[in-house]
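Take a look at the model first, then try each task before reading its solution.

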Amino acid sequence: MRKKWTLPLAAIMVFGTLAACSSNKENAPAASSPSPAAASSAGSPADGEPITLTFASWSISEEATKGALEQMAQKFTELHPNVKIEYIGIPFGDIKQQTFVMASSGNTPDMIQTFTATFPTYAASDIIVPLDDLLGQEYIDDLFPSYKEDYTYNGKLMGVPWAPSPYVLYWNKELFQQAGLPDRAPETYDEMLQFAEEISKLKTDSGEQIYGLGEATEKLPINGMIALRNIYSFNGSLFGEDGQVNVNTPEVVETLAYYQSLVKNNLSPQGAKLKDLRNLFSIGRLGMYSDGYYGRKVFQNLSGQGEAFDEKWGAALIPVNKTGDNVSIGEAHGLVISRDSKHPEMAAEFIKFLTDAEMISLYHQNSDVMSARQSISILPEFNSTDFDKTLVDQMTKIKPLPANNPGLEQAYLEIAEAVQKVAVANESPEKVAAELDAKLKQIMK
């Protein structure tokens, strides 16, 4: 039996063991047979042993995703009557801290939902286990290389990209029309800035500022990670040819100058969080910004117009800049297995189940999530709309994030601070790049 714990922010939802009509699956009627992908899980480890898997997740606490996760757990327990899934709901902003606290007393959940920007801290810790042997090479080889690298540490796969998304460019069709722009997304950075200037001349009916192009400039690790999209697009990197940290380069200086010009020219709101940009876009006060797949559902909710708002925006590849390609980064909600887990094989089986074609398709229909598995991403259900096709196309043009390092999450925070210095405090891009270089060389040894 696992120890019990209580957390003030944790809402625990238990899916009890579901009684099967018959334990002999060969004699079950065809109509109730699991899909081929699900059936492959039926001969899983420890079929008869009562097992409880605990799963710390923020998605189970969010209305948009709760229903899909409940369905997934129910379907898994139908296939495995000896297993029950206990979801532990922890808010996104608290989950890393709380799971590390739980680990300090040996009560880490079997599985933890994590995120690309904070995963490096898990990877460099001793609270999670490598997944190579648990998942098998065939499964691992099916992952998109960029996402596989983003969840690898010291040559070992330490997490599974569960709900991946590339960053794509969202653009407001109504604002483009009002500004007299073409009915299409910009194709280059220069064109994007030209379009942004025209949109920024607009005002709302009540005289409020409309911004042309939003970039997140608040000091948060996720914003530092997002800034890599622009650094890469300006043909920059965090590392020199010798593999050592080097951001005191013309490319990084030019990237910082780009951020500074956006705010100085009133094209982008100052000190914005990603959620601020989503809100401005949803209420018609932002012409363009980059985000993941979840933009669509957020727009529907914040606009108050539901699916009708889908007609007012489009999604496109990140415009071409210095590299001659539509360079972007990807992020993914990830799944890890804790060292405290008494049932790592069954936890791995559940991860395979959550990421198989049937379950990820269910999740896609619910929340637009994509698949990090190459064989699944080409299926018709992931390519049925223009939005789907744009996401899948951009996923083939993703540059991996820096290799996971004990200091990487802090490095993202320092990058975000550098962006804030030029965009909000109006400091010199050259000076900020030199200061950032010195900090990252200390952090990412």
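**Exercise 1.** How many nonpolar, polar and charged residues are in the lining of the largest cavity?

*Solution.* Keep in mind that this is a predicted model. Begin with the space itself: the largest cavity holds about 50 Å³. Next, list its lining, which is made up of Glu-414, Glu-417, Ala-418, Lys-421, Val-432, Glu-435, Leu-436 and Lys-439. Now sort these residues by class: 3 are nonpolar, no residue is polar and 5 are charged. To place them in the fold, look at helix 18 (408-423) and helix 19 (429-443), each of which supplies at least two lining residues.

**Exercise 2.** Which residues are the closest to the centre of the largest pocket?

*Solution.* Start with the volume of the largest pocket, about 1100 Å³. Its lining has 39 residues, and the closest to the centre are Trp-58, Glu-62, Phe-92, Arg-278 and His-333. Several elements give two or more residues to this lining, including helix 2 (63-79), strand 4 (111-115) and strand 12 (330-337). The largest share, 4 residues, comes from helix 13. By class, the pocket lining has 18 nonpolar, 11 polar and 10 charged residues.

**Exercise 3.** Is Ser-367 buried or exposed?

*Solution.* First find Ser-367 in helix 15. Its relative accessibility is 7%. The cut-off for buried is under 20%, so Ser-367 counts as buried. Finally, check its surroundings: beyond its neighbours within four places in sequence, Ser-367 is in contact with Ala-64, Thr-65, Tyr-293 and Lys-297.

Conventions
Residues numbered from 1 in each chain as written. Predicted model: local features only at pLDDT ≥ 70, side-chain atom pairs only at ≥ 80, totals over all residues. Heavy atoms only, no water. 1 Å grid on protein atoms, 1.4 Å probe; cavity = no way out; pocket = protein on both sides within 12 Å on 5 of 7 lines; lining within 4 Å. Points joined across faces, edges and corners; volume = space filled by probe spheres on them. Nonpolar A, V, L, I, M, F, W, Y, C, P; charged D, E, K, R; others polar. Buried < 20%, exposed > 50% of the residue type's maximum accessible area, 1.4 Å probe, protein only. Contact = heavy atoms within 4.5 Å.
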